[in-house]
Amino acid sequence: MSFHSILTPIHLHGTDLFCFWTGFLLFWSSVFWFLFECWNLRLGNWYFVGVPPEGPWSHLEAYLDFATVLPGMFLVYRLLCRLRIPSSVGTNFVLKGRTHEICLAIGLLMLVLP
């Protein structure tokens with residue numbers, strides 16, 4: 001199997017699904033990551049090094065940077081599915097009893113308390 005055949009978009013009834021969803025995800029990926037940036041306004045625990053000073057270019061660059069995250073994740077997922085890697089990986093790890101509820105409560109507490 002060649003690298004080109006792995007990354008070739010899936011066609012369904014003549015529609016290039018990858019290109020369609022990529023355009024859709026470019027917008028929503030930025031929205032998704034800007035929500036994390038708004039969260040960081042409250043937390044104040046991370047910052048970016050080497051960004052341009054405030055101005056239109058910094059906002060455009062941030063949009064372009066954040067827009068690539070979700071499409072990149074789905075591209076890697078498609079690549080792994082083409083290689084049949086997710087079907088060959090399994091786990092026996094299951095939280096049993098009240099452990100699941102305790103972990104969920106701790107996670108929610110950490111989400112709320114900065």
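## Contacts and overall layout

A contact here means heavy atoms within 4.5 Å of each other. With that in hand, among contacts between residues at least 6 apart in sequence, 78% join residues at least 24 apart.

This is a predicted model, in which local features need pLDDT of at least 70, side-chain atom pairs count only at pLDDT 80 or more, and totals for chains, interfaces and linings use all residues. Residues are numbered from 1 along each chain as its sequence is written, and side-chain values use heavy atoms, with hydrogens and water left out.

The chain holds 6 helices and 2 strands, taken as DSSP runs (helices H or I, at least four residues; strands E, at least two) and numbered from the N terminus. Starting at the N terminus, their order is α-β-β-α-α-α-α-α.

## Burial and surface

Of the 114 residues in the chain, 11% are buried (under 20% relative accessible area, with exposed over 50% and partly exposed in between; 1.4 Å probe, protein chains only). The chain exposes about 9500 Å², and carbon and sulfur atoms supply 73% of that area; accessible areas come from the Shrake-Rupley method with a 1.4 Å probe, and for residues only the protein chains shown count as cover.

## The nonpolar patch

Helices α2 (17-43) and α6 (99-112) each supply at least two of its residues, and the largest share, 5 residues, comes from α6.

L108 sits in helix α6 and is partly exposed, at a relative accessible area of 47%.
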